[in-house]
Amino acid sequence: MSRRTPAFILFLFIHCLAIGQTELNSLLLKLDEAMNKRDVYDTSKNLRISNLEELLNEENISLENKYFLTNKIIGEYEKYSFDSALDYIEQNIGVAKQIGNINFEKESRLKLAKLLVTSGRYKEAIDVLNEIQRQELPEKLLNLYYFSFKEGYSGLSFYTSVKRIKANYSQLYATYQDSLLQRLDQNSDESLALIEKGFRDQRAIENALRINAQRLSNVESGTPKYSLITFERSLLFELSGRIEEQKKFLILSAISDITASVKDNASLTVLAMIYFREGDIERAHRYIDFSVADAEKFNSKLRFVNISNTLSVISKAYEEKSLEQQKELKKMLVFISILALFLVITIIYIYRQIKRLSSARKSLKEANNQLQSLNEKLQFTNADLNRLYNELSDSDRIKEQYIGTFLNLYSDYINKLDTYRKMVRKYIVSNKTKSLLEMTKSKQLIDNELNIFYENFDKSFLHIYPNFVEQFNGLLQDDKQITIKDTNSLNTELRIFALIRLGISSSSKISKILRYSVNTIYNYRVKVKNNALNRNDFEDMVKKIS
């Protein structure tokens with residue numbers, strides 16, 4: 001057992017890797033599909049914005065409604081276009097001043113600070129925040145106030161090289177983070193995000209992953225928050241060296257960014273660098289080009305800074321690979337040219353050989369054509385003879401069967417008439433005319449004879465065409481097929497079409513034979529034809545049943 005254990009563990013490890021790779025490939029296909037549909041998602045985003053702007057431009061709109069509508073437009077532009085979001089925030093500051101609502105004005109200035117800080121303009125964001133008096137802020141705006149300060153000093157600390165200034169920014173970041181954390185609900189996403197970041201900074205990866213999973217369970221793909229949480233999860237897997245898991249959540253984040261039309265994103269840039277390091281230059285180049293287009297759309301200086309280094313490295317590698325491919329193509333072109341020359345020489349040689357044999361082939365072709373023509377005529381003749389033979393055989397078989405049946409029935413009816421004659425004579429001689437009259441009033445005798453007629457007809461017909469019912473049902477719709485209890489008998493519909501198969505197509509003749517009215521026969525025929533797969537050719541196909 002101890003010898004098998006390592007082999008089993010190795011097999012299980014390889015199996016898990018295969019499953020993980022399959023999942024990753026599936027996600028990459030979904031990412032490619034989302035990238036191809038970027039214009040569709042952006043069109044939907046622009047339509048929502050246009051609808052809001054139409055409402056904003058309506059006549060007689062109140063300043064308060066204008067303020068709230070502008071806030072909605074800012075929300076749409078916040079991660080879509082920095083310039084447009086900035087323009088509407090500044091408009092809303094003016095609207096707030098017109099209203100005379102100081103809280104509206106402070107809220108708009110905090111939104112301005114948040115926009116600046118999330119787009120990498122940390123110093124400008126801090127300047128805007130310093131213009132706001134903290135003690136004058138209403139309770140509901142304090143969280144945004146602390147959040148903007150926290151993010152601003154976090155960015156300044158990260159990008160500052162001077163140790164003394166960096167330490168000061170770090171201290172301010174920690175202070176505002178603590179202030180924000182004390183105010184937040186412990187189960188809110190903002191609070192959990194801060195706790196997760198604390199674990200991440202301490203490299204307590206498993207604890208951070210647990211918090212991240214809790215946050216992820218409360219959001220849906222296609223939202224900016226889902227994109228952010230999955231991106232932060234990818235950072236945790238990067239820190240623990242689990243690259244495949246990192247790629248998985250970067251892909252999920254990128255798909256969510258694209259479907260939500262989030263242009264201020266980082267997932268695809270990081271993913272491009274990973275695939276560049278793995279040697280997949282084409283995929284890396286495609287991803288980084290896509291990221292550059294998004295960064296240009298949003299106009300984020302921070303994104304341009306992050307992308308520029310990656311872009312230059314990947315673009316250079318892509319150009320080098322393109323040059324290598326061009327060299328290979330030139331070599332292949334020379335090789336193909338040599339092959340083409342050889343092919344031309346070969347074709348000339350083959351052409352000369354074909355030319356020498358053309359006259360002989362022409363004569364042989366003419367002879368073959370004549371022989372083929374004779375064979376076709378012979379085949380047509382044989383086919384006609386076979387058809388005529390089969391028709392004659394079938395006709396003789398039917399005639400023999402029905403002549404025998406007719407003679408038997410005729411003999412039986414003579415005997416029955418004689419018996420009936422004797423019985424009538426007996427009743428008359430015995431002066432039982434009243435009883436005889438009563439007997440003639442009853443239809444029982446006719447019904448009995450009619451049943452005997454049907455029975456003899458069914459047996460004779462099914463003897464000649466044993467597969468009639470099966471083939472007839474094959475011409476009907478599946479749920480409209482006729483089922484009979486006794487395989488040796490037919491029902492009324494089948495008897496009608498059995499007579500049609502025998503060549504009796506007239507409803508009046510069929511009605512006389514089966515003793516039904518002409519209307520009844522007509523209705524049966526129409527009903528069955530309506531259930532046919534091919535109504536127009538149905539009766540012709542019945543006549544061909546063998």
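A crossing counts as right-handed if the near helix is turned clockwise from the far one by less than a right angle. I keep this definition at hand for the entries below, which concern a predicted model.

**Entry 1. H19 and H20**

I looked up helix H19, residues 492–501, against helix H20, residues 507–514. Their axes come within 11 Å and cross at roughly 120°. Angles of 65 to 115 degrees count as roughly perpendicular and those over 145 as roughly antiparallel; H19 and H20 are therefore oblique to each other. I noted the crossing of H19 with H20 as right-handed.

I then listed the residues in contact. From H19 these are Arg 495, Ile 496, Leu 499 and Ile 500, and they meet Ile 510, Ile 513 and Leu 514 of H20. I recorded the contact of H19 with H20 as six nonpolar residues, no polar ones and one charged.

**Entry 2. H11 and H12**

I turned next to helix H11 (residues 224–239) and helix H12 (residues 243–259), which pack with their axes 8 Å apart at an angle of about 165°. The crossing of H11 and H12 is left-handed.

On the H11 side, I found Tyr 226, Ser 227, Thr 230, Phe 231, Arg 233, Ser 234, Phe 237 and Glu 238 in the contact. On the H12 side, their partners are Glu 245, Gln 246, Phe 249, Leu 250, Leu 252, Ser 253, Ser 256 and Asp 257. I sorted the residues of the contact of H11 with H12 into six nonpolar, six polar and four charged.

**Entry 3. The cavity**

How many cavities of 30 Å³ or more are there? I recorded one cavity at that cut-off. For the largest cavity I noted a volume of about 40 Å³.

Which residues line the largest cavity? I listed Ala 254, Asp 257, Ile 258, Asn 265, Ser 267, Leu 268, Phe 290 and Asp 294. The elements that give two or more residues to this lining are H12, helix H13 (267–277) and helix H14 (281–298). H12 supplies the largest share of the lining, three residues. By class, I divided the lining of the largest cavity into four nonpolar residues, two polar and two charged.

**Entry 4. Cross-reference**

I marked Asp 257 for a second look.

Methods:
Residues are numbered from 1 along each chain as its sequence is written. This is a predicted model: local features need pLDDT of at least 70, side-chain atom pairs count only at pLDDT 80 or more; totals for chains, interfaces and linings use all residues. Side-chain values use heavy atoms; hydrogens and water are left out. Axes are lines fitted to C-alpha atoms, for helices over the stretch in contact, and angles run from 0 to 180 degrees between N-to-C directions. Helices (H or I, at least four residues) and strands (E, at least two) are DSSP runs, numbered from the N terminus. Contact means heavy atoms within 4.5 Å. Ala, Val, Leu, Ile, Met, Phe, Trp, Tyr, Cys and Pro count as nonpolar, Asp, Glu, Lys and Arg as charged, and the others, Gly among them, as polar. On a 1 Å grid over the protein atoms alone, a cavity is a set of points where a 1.4 Å probe fits but cannot get out, and a pocket is an open set with protein on both sides within 12 Å along at least five of seven lines; lining residues have an atom within 4 Å of a point. Grid points are joined across faces, edges and corners, and a volume is the space filled by probe spheres set on the points. Angles under 35 degrees count as roughly parallel, over 145 as roughly antiparallel, 65 to 115 as roughly perpendicular and the rest as oblique.
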